[in-house]
Every structure is written in C-alpha cells, then in structure tokens.
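Dear colleague,

Please find the sequence and structure below. My notes on the structure come after them.

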Amino acid sequence: MSATEILTGAEVVVRLLERQGIRVIAGIPGSANLPLYDALGHSTQIRHVLPRHEQGAGFIAQGMARASGQPAVCFATSGPGTTNLLTAIADAKLDSIPVVAITGQVSRSLIGTDAFQEVDTYGMSLPITKHNFLVNSAADLLKILPEAFRIAVSGRPGPVLVDIPRDVQLEKVDVATWPEPGKADALPAVDDALLQTAARMIAEARRPVLYLGGGVIHSGAAETARAFAEQGGLPTVTTLMALGALPVEHPLSLGMLGMHGAPCANMAMDESDLLIVVGARFDDRATGKLAEFCPQARIIHIDIDPAELNKLRASHIAISGDVETVLRRLQAQLKPQDRPDWLSHIRQLKTDWPLRLPGADDPRTHYGLVRAVAACLDDNAILATDVGQHQMWAAQAYPHHKPRRWLTSGGLGTMGFGLPTALGAALAEPDNTVVCFSGDGSLLMNIQELVTAAQENVNLKIVLMNNAALGLVHQQQTMFYGARRFASLFTHVPDFVALARACGIRAIDLDTADDPRAALAEAIKQRGPCLIHCSIDVQQLVCPIVPPGAANREMIGA
Amino acid sequence: MNSVSPKRTVLELTVNNHPGVMSHVVGLFSRRAFNVEGILCLPVGNGDISRIWLLVDEDGRLPQMIRQIEKLYDVKSILRRQENDGLFDRLEELFTSPNDVSQKEPQ
Ligand SMILES: Cc1ncc(C[n+]2csc(CCOP(=O)(O)OP(=O)(O)O)c2C)c(N)n1
Ligand SMILES: [Mg+2]
C-alpha cells in the first residue's frame, strides 16, 4: 500500500480529474476558485484552455463531450462566473450531454451572508442539472467527484455541477487510497416478454415507421439502428438531434421529421400504423400538434429514461433500457421483411413530397452554401451550428452520414452555442476539420471566442450566413404576425471580416470572391481557424414550416 | 379536510438527509406548477436518512411526478401510501387558522 499523502482539496480535485482521464479543461479563474487554479497549474496531464467568457467554457466542454461521447469539464469562479456558465449547463441538460461543471464558492463560513461574489449556486443549478453537489469538506471530494462523473454518464447522460467552497479547496486531507474513477453504471436488464410483444407488433404492422432521436447517438446505436431498420424493412425518420444516425442517402431514410422536416417524413408518419420511437421524447418541434401526431399509429417507445415513457404520448409497449441493447435484441427476434407495398408507397411519397432545396447549385445562396461546404469535407468532419434559419438550412441540406458529427442546440435552442461548441470539438479532435454554421445574430453572442480560436489555433471554419437579421424571428413575424417585422432587422452590422482579423484569425468574403467555390475550398483546406463570410438574402424562408400549433401534415411551403 | 377537496394521496419518500434534499424534492413539484398540500419530514435511524411524507392531489400527472422523483439522486425509495392513518387530519387541528396568525409587518 502506498503511503498516505497530505493534499489540499484543490490538489485532490486535480488528481481525481487526471485519474478520470480528463486532458483538457476550459474555464476562467477568480478569487473563489484560485486554489483550484493553483493546483491545476501544476498538472502535467491536463491542459487548461482559457476562453473569454464562462459561457464559452461551458460550451467548449459541451463540444468536447458531444464529439467524443466522453464527459468533459469546465471551471468557473463563484457569483458572476457561475451565472455566466448556467446557460451552457441548461443547454447540456436539455440535450443530455455529460458535462461536469466545477465552480468555486465563497468559504463555508461566509455562505448565506451575501458575501462578495456569493450566489446560491446550488439553488440556481438545481433545476438545470442532472444532479448538483455543494461540497462540505475536502474528504468528501474523494467520494463526490467520481460520483459526479458516474452520474453524468450513467443512464440518460446529463450535466452535473460540483460547487466547492474556497476553504474546502484549501483544506488539508489525508489520502491513503484513491477511489476508482466514476464510470457508467451497468446497463439495465431488458424485459424479454416486452421484446417479444414488440417484435410481434412490428411483424404485424403494415405501415411501420422508425423514429430515431438523440438517444440513438448517445448510446452509440447508429449502426444497430441501421441494421434493425434494414431487417424490419422500416422507413426511418430522425429528429434534429439524431441527424447522422442513418446516412441520408440510405433507401430507408426519410430525413428529418417535424417543424422544418422533410415533407415525405411527416406524410409517412401521418399514415403510419406503428411508430417505433427510439431515444426520442416527442418534443413539440418534432411532433407538431401532439393530438394529431401519427393519429393512426400504435406506439412502441424505447428509452433509457423511464420518465420519458408515457410522458406525452401513451405507448402500447414501453421499453425502458439502453436503446442499443434493446434494438439489437429486438432485431434478433425479427424476421427479415421487405414490405413491398409500404416501401413502394414510401418511394412514391419521396417523389411526391420531396424536401426542396432551391438554389442548391449556387454557393451564394443558403442551401447552395451548405452544399458547397459539404463538398469540401469528408464524412468525418464535424459540423456545429448556431440557432436560427442557418441552423435549419444546414440541418436540411447537409448530407449527414455519421453519428456525433452534428452538434446543434436542440432542446434549449441557444444562440451563441455554435462557436464555442465547435471550438471544443476541434480541441477534442485536433486533426479533424470542424465547421460552424453561424448567423450574424448568434455569432455576436459569443464572438469573443474568436480570440480563443486564434489562441488555440484550432482547425475551425466559421461559415457566417449574414442576413443582417435575426432571420428566424423575421420569418415568424413575416408569416404569423402580419409581416410586422419589429426588432428583427439589424440597423448596424459589424464588418465581420475585419472583426475576425482583429481577433487574430483569417477571414474571407465570398461576396467579393471571383470564384466562391474555389475560395471556399482553399479556406477550408488551409489549416487553422478561418471565418468565411457570405451575405444571405433576408427574404429567404426556412421551408417547409409547420405553423405553431398545427399538425405536421399542415406544412406551409412543402 | 373538507369534503369538496379533490382526492388526496400521500407519497412516502426515503431520502438522504442533507440541506439540499428538500429543494430537490419540492422543486420537482413547483417546476410543474403542482401544489404540495402538506409536508412532513423527520430523520430516521442514525440521521443519515430522512423520511418525507408529501400530501398531494390525485392528479393525472402524479405517475409522471413519481417517475421524476424516482430519478432524484438523493431519493432512496418512494411509495404511494393508501392511507395516512389520519395523521394529516390530526395535524390540521394543531395548526391555527390563518385568521389567528399575526400579520406580517408591511415591508
Ligand atoms: C439566446 C437566445 N436568444 C433569443 C433566441 C430567439 N431566436 C431564435 S432564432 C433567432 C435569430 C437568430 O439570428 P441569426 O443567428 O442571425 O440566425 P438567422 O436566423 O438569421 O440565420 C432568435 C433571436 C434564441 N434562440 N436564443
Ligand atoms: Mg441572421
């Protein structure tokens, strides 16, 4: 047995993070977490990345976690450091991303006294984390930190916050043995009887549709889902979060469902008599008016989180379990089926109700730009987006091929997500190319991270679709508020190319390029960060669109 | 309890005993605009564990509430008690009516 070491709480944290396999941490120091930073400065295993805003730190951690599937860590100091982090944590909660946020807190004796930079971190983080801890002693860290990682990655993943008072970071503790790093719990057992019934329902269904959600990505079930779909002859739709779970060109793929989904996907679901819902949660952007969503369908719902089953839509068979395991075992019970009638009808629906991408050949239009960027990338490139029209255009037009290559803020829809998340992904995969589709509104919400991109010299390309507008809001006003466009057009727009250069990164402007395709290809090929600017017509809409409160079959612009 | 009130039920939770637990539990209800009518909480055994009784309306959302509570890290177990031995009714007698309570000074 090794000799007992006497360490500070802060040193214990850093050691535990090292043992956990953490190699990059993004964060910002301040007085309440300086002991942690002092200890981190001595680590030879963990590289610290200094962003320019704590929200950036939170999203950098998310980018690492989304791309790798492994938990990632961010640091912030008490008070404003922590409040700045909260949006990124809430975003991780809604999209089930394993992030461990470690925040400094004022010393124990000062808690509850309105001390300098004291906020109720525990209270504020409670509803937006999977779980949170306020650490009471340095010795407790030995239990709490591994536990935080275990919680973050077990079952349905999610963010965990660990709030550590400054004096706990300084407190000395004897460490005789180190705990095992936290890892995911064993997967839950699956009920065989349910699998048999489900297999029978699938065999008997005449118009089944497979509906894949983000859980398929999280559980690493993309391959399995594909094999399952092929075996059962199941036309397949994906949510925004599951893009990449099935290659878009796959004959069984109908594309994305929902508000801005492929018309054929929504129409097929409308006719379906059996919906197999896998790792999805009936989000309102996906289902439209819930009472009229797949009105004829019986439901088989598979999810790792039992609380999602029967939450919004009653299912006929509810299977709680890891979706990869369940799909694999369900497939073993399925006889191969070709469903000639249904699949030929599906082909007809694809012809009659295609997703239209006007301008896809012109790199200076919204769809054309997405396609032109895709043409410069291989299957393995990572795509991040911000939130708005550009996000939906990228979701629709990008040829998604692989899981964990599409990073978008689905549940919270957070503008400002794109740049720092893409940065995190680029840190996780330094040899890869990461592209961030952003909007002029969203990019300015975390523009300061351009400096971080320059500092880290990441291989990140920001494709800015500049319509000088909060485009998606402008669209909603155009369509649903009598074209009263208020507060959605920018009267002042910065010179983004100059701005990027001022932050220390290359920038090109496709508006003035003689050959935009060549300029784009060159900008993407050259390693390092680069901003690619392109003006987009503000009148362009995201189509189709299911109006708020309408059923998915009532798409406008389909 | 008067006769017009909706049917009530008692949820019995066994939880870790630390300062944040109550927030976690009641937060689930307040976030869903689900009123908790009565709360009882006492430590059991050596004090590492507490038992909480929540008096709540029988509501269509109750099964979802229970599944959410089951997910809480600090909740060891939850069960739905068919009856509460009239305990909440007897407690009601101990509580003075709102009129007897001295008014808070205006702030
Ligand atoms: C933080 C935040 N604030 C407000 C919104 C509401 N919102 C959704 S899309 C959008 C406009 C986004 O503008 P931009 O980034 O330029 O994208 P575009 O729609 O123009 O492509 C707004 C304001 C949001 N999603 N997130
Ligand atoms: Mg815009």
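The notes below cover the nonpolar cores, the aromatic pairs, one glutamate and the cysteines.

This is a predicted model, in which local features need pLDDT of at least 70 and side-chain atom pairs count only at pLDDT 80 or more, while totals for chains, interfaces and linings use all residues. Residues are numbered from 1 along each chain as its sequence is written, chains are lettered from A and ligands numbered from 1 in the order in which they are written, and side-chain values use heavy atoms, with hydrogens and water left out.

I begin with the cores. A nonpolar core is a set of buried Ala, Val, Leu, Ile, Met, Phe, Trp, Tyr and Cys residues joined through side-chain atoms within 4.5 Å; buried means under 20% relative accessible area, exposed over 50%, and partly exposed in between (1.4 Å probe, protein chains only). The largest such core has 48 residues, and Leu443(A), Leu450(A), Leu460(A), Ile462(A) and Leu531(A) have the most contacts inside it. This core lies between domain 1 (5-175) and domain 3 (366-535) of chain A, because both give residues to it; the domain bounds come from an automatic or database domain assignment. A second, separate core has 36 residues, including Val13(A), Ile22(A), Ile144(A) and Phe149(A).

Next, the aromatic residues. Rings of Phe, Tyr and Trp (its six-membered ring) pair if their centres lie within 6.5 Å; planes under 30 degrees apart count as stacked, over 60 as edge-to-face and the rest as tilted. Over all chains there are seven aromatic pairs. Phe282(A) and Phe293(A) are edge-to-face, because their ring centres are 6.1 Å apart and their planes stand at 90 degrees. Both of these residues are buried, and together with Tyr211(A) they form one aromatic cluster. In chain B, Phe29(B) and Phe34(B) also make an edge-to-face pair, with 5.5 Å centre to centre and 85 degrees between the planes; Phe29(B) and Phe34(B) are both buried.

Glu308(A) is buried, with a relative accessible area of 8%. Leaving aside neighbours within four places in sequence, Glu308(A) is in contact (heavy atoms within 4.5 Å) with Arg156(A), Arg281(A), His301(A) and Asp303(A).

Finally, the cysteines. A disulfide is a pair of cysteine sulfur atoms within 2.5 Å, and the count over all chains is zero. For Cys376(A), the nearest cysteine sulfur is that of Cys530(A), 12 Å away; Cys376(A) is partly exposed, at 29% relative accessible area. For Cys543(A), the nearest is that of Cys264(A), 15 Å away, and Cys543(A) is partly exposed at 24%.

Yours sincerely
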